[in-house]
Amino acid sequence: MKEKLAGPAAELRITNLVKRFGSAVMATPAFVAVDNVSLTVPAGSFFAMLGPSGCGKTTTLRMVAGLEQPTSGEILLNGKDITHLKPYNRPVNTVFQSYALFPHLTVYENVAFGLRRKGEQNIGKRVDAMLELVQLDGYGARRPAQLSGGQQQRVALARALINAPQVLLLDEPLGALDLKLRRQMQLELKRIQTEVSTTFVHVTHDQEEAMTMADTIAVMSHGHVEQLASPIDLYERPATAFVANFLGKSNLLEGRVTGTDGALLLVETHGVALRLPAANRPAAAATDLYVGVRPEKLHMTSAGAQLPAGHNALQATITDSSFMGVSTQYVVRTAWEQELTVFAQNMGVDGMRPRGTAVQLHWDPQHTFAVPRTGAPLETEAEEL
């Protein structure tokens, strides 16, 4: 079935892509939506473009689809320049958030639509096989209005994939679904991509969605790529303060490098000595940087308690707490009035610590990262919404 359904997966290469809206002729200031973006999507991979609204991810996708023309730059599929081809001449298909199904056609006819337009014959087996792939065999006679949101999304996927595109573009495809169904469809999308081995390029603002499905993620902000890496590398070794704050939560502390201790970098923050792997120091970072640690990597103990040898440590006071089921989220304030977040796993042993309690925070230096000090460390949190 894979040979029949899958397109010849292509490598997508974007080079120096720029898109400006507005012009001097129109007497409107130019707005740069995509600013010199370059990236490569390996053939057969699941690739995600992640970022807040207005970061340029959807505009980039629309240029790949041919729905927007670039101001400059190149778009290549397997080395072939498709930058200025008409959308219908590109071996790509797009799945939109709105599904865009034909309400008057059955599920079968919706899926078969593209093949019929191309005048292909004997399409029944291909449609049946595609409906089986998306787990909708037996639904061919129904109309879109008789389906749930998740089922309609599967029909949209089947309709796009049956044309054997070299690249499938997904523009916020799960945005209209409720949380439970969205998580179910995340797993389904990844399963389908694995089975057909087509190159998937997925645009989303949902961090969990991107990290659940994608092999590689490009985190975008203000029209450019902040970092391109695997989900694990992005989370554990963010390259910028934006990435550190956009992908989950991070505690970022202003620090200054004071020296090294073997493979460890010595950093002072507000009079406190911290250590982190020297390899985690970004190439762009000067002496001044932000030291980062994720809330779940922090351990919280009573003030004065014995700490594990070699751990980084800070003194703080609890200012707020929220029980979240699997964990308790604490907000603590340091001596220099900075608030940090701590996730304490719910082990069913200790109760919640009250506000005003003096505590020690400690963590393994190996769980510490660093990013260049550019702008305020918490400036991106609002864009996560």
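## Phe246 in helix α9

Phe246 is placed in helix α9, residues 241-246; helices here are DSSP runs of H or I with at least four residues, strands are runs of E with at least two, and both are numbered from the N terminus. Phe246 counts as buried because its relative accessibility is 0%, where buried means under 20% relative accessible area, exposed over 50% and partly exposed in between, with a 1.4 Å probe and protein chains only. The C-alpha atoms of Phe246 and Gly51 are 7.9 Å apart, although 195 residues separate the two along the chain.

## Basis of the model

The model is predicted, with pLDDT of at least 70 needed for local features and 80 or more for side-chain atom pairs, while totals for chains, interfaces and linings use all residues. Residues are numbered from 1 along each chain as its sequence is written, and side-chain values use heavy atoms, leaving out hydrogens and water.

## The chain overall

The protein chain contains 9 helices and 20 strands. Its C-alpha trace spans about 80 × 55 × 45 Å along the principal axes. Of its 385 residues, 48% count as buried. Contact means heavy atoms within 4.5 Å. Among contacts between residues at least 6 apart in sequence, 68% join residues at least 24 apart.

An open sheet of 4 strands has the order β2-β1-β4-β5, with antiparallel pairing; two strands pair if DSSP finds at least two bridges between them. Its edge strands are β2 (31-41) and β5 (80-81), each of which pairs on one side only. Strand β1 (residues 12-21) and strand β4 (residues 72-77) run antiparallel and are joined by 5 bridges. Within this arrangement, Ile14 stands opposite Ile75 in β4.

Helix α2 (residues 57-65) lies across β1, β2 and β4 and runs at about 115 degrees to β1. Such angles run from 0 to 180 degrees between N-to-C directions, and the axes are lines fitted to C-alpha atoms, for helices over the stretch in contact. Because 7 of the 9 residues of α2 are buried, the helix is largely enclosed by the rest of the structure. The buried residues are Lys57, Thr59, Thr60, Leu61, Met63, Val64 and Ala65. Just after α2 comes Gly66, with a positive phi of about 90 degrees.

Helix α3 (residues 107-117) packs with helix α5 (residues 149-161) at an angle of about 30 degrees, and their axes are 7 Å apart. That angle makes α3 roughly parallel to α5, since angles under 35 degrees count as roughly parallel, over 145 as roughly antiparallel, 65 to 115 as roughly perpendicular and the rest as oblique. The crossing of α3 past α5 is right-handed; a crossing has this hand if the near helix is turned clockwise from the far one by less than a right angle, and is left-handed if anticlockwise.

On the α3 side, Val107, Asn110 and Val111 meet Val155, Ala158 and Arg159 of α5. By class, this contact has 4 nonpolar, 1 polar and 1 charged residues. Here Ala, Val, Leu, Ile, Met, Phe, Trp, Tyr, Cys and Pro count as nonpolar, Asp, Glu, Lys and Arg as charged, and the others, Gly among them, as polar.

In helix α4 (residues 124-133), Val127, Ala129, Met130, Leu131 and Leu133 are buried. Gln135 follows α4 and has a positive phi, near 60 degrees.

## The five-stranded sheet

A sheet of 5 strands, also described as open, has the order β15-β19-β16-β17-β18 and antiparallel pairing. β15 (299-302) and β18 (339-345) stand at the edges with a single partner strand each, so one side of each has no neighbour in the sheet. Neighbouring strands are turned by 45 degrees against each other on average, direction ignored.

Strand β16 (residues 312-323) is joined to β17 by 7 antiparallel bridges. Ser322 has Gln329 in β17 as its bridge partner, and Phe323 stands opposite Thr328 in β17. The hairpin of these strands has 3 residues between them, and in it Gly325 takes a positive phi near 90 degrees. β16 also pairs with strand β19 (residues 358-363), in the antiparallel sense over 6 bridges; the partner of Ala316 in β19 is Val359.

## Gln329 in strand β17

Gln329 lies in β17, residues 327-334, and counts as buried because its relative accessibility is 17%. Leaving aside neighbours within four places in sequence, Gln329 is in contact with Lys249, Asp320, Ser321, Ser322, Met324, Thr341, Val342 and Phe343.
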